[in-house]
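Subject: A structure for you to look at

Hi there,

Have a look at it first, then read on.

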Amino acid sequence: MKLPGPDHPITITQNPRRVRVTAGDIVIAETSKALTLKEAKYPAVQYVPREDANMALLERTDRVTHCPYKGDANYYSVKADGKALDNAIWTYETPFPAMTEISGHLAFYPDKVKIEEVG
C-alpha cells in the first residue's frame, strides 16, 4: 500500500455539477453526488454513488486489478439494448484507508460510455 503524496498526489472533491453516464440512449447513472478523483497526471475520473446507477443494467465480472494507492478494483459490464460493454466500470469496494471516500462508488471508462456534466 502506497500513500498519496507530492510525488503521486490524489485529491477527491465533490463535483458541483450533475453527472450523467449513458450508453447510446440508455442512462446508466445520473447523480448530483459524484466525486471527482484527480490522480497525478491522469485525467480526472468521476465516481458515481451506486445508488444513483441502474444496477439492473450491470453484470459483475471476474476481472480484478490492483492499484497500490487505492487497492483492488472489481469490474462490471454494461448489458443494455442487446449489447454488452465488457468491463466498462470499475469500483473499489474496500479501498485503502486514504481512499475510503470512493467506497460505494462506480467509475466508468470514457472510451466505452459517455460521461457528461449536465448541470
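Let me begin with a question: is His-105 buried or exposed? His-105 counts as buried, because its relative accessibility is 11% (buried means under 20% relative accessible area, exposed over 50%, partly exposed in between, with a 1.4 Å probe and protein chains only).

Before going further, please note that this is a predicted model, in which local features need pLDDT of at least 70, side-chain atom pairs count only at pLDDT 80 or more, and totals for chains, interfaces and linings use all residues. Residues are numbered from 1 along each chain as its sequence is written, and side-chain values use heavy atoms, with hydrogens and water left out.

Back to His-105: residues touching it include Lys-33, Tyr-47 and Trp-90, not counting residues up to four places away in sequence (contact means heavy atoms within 4.5 Å). A polar atom of the His-105 side chain lies 3.0 Å from the backbone oxygen of Ser-103.

His-105 belongs to strand 9, residues 105-108 (strands are DSSP runs of E, at least two residues, numbered from the N terminus). Strand 9 pairs in the antiparallel sense with strand 8 over two bridges and with strand 5 over three bridges (two strands pair if DSSP finds at least two bridges between them). Ala-107 is the bridge partner of Trp-90, and Tyr-47 also stands opposite Ala-107.

Best wishes

Terms used. Helices (H or I, at least four residues) and strands (E, at least two) are DSSP runs, numbered from the N terminus. A polar contact is a pair of N or O atoms within 3.5 Å; within protein, one must be able to donate a hydrogen and the other to accept it, and residues adjacent in sequence count only if both atoms are side-chain atoms.
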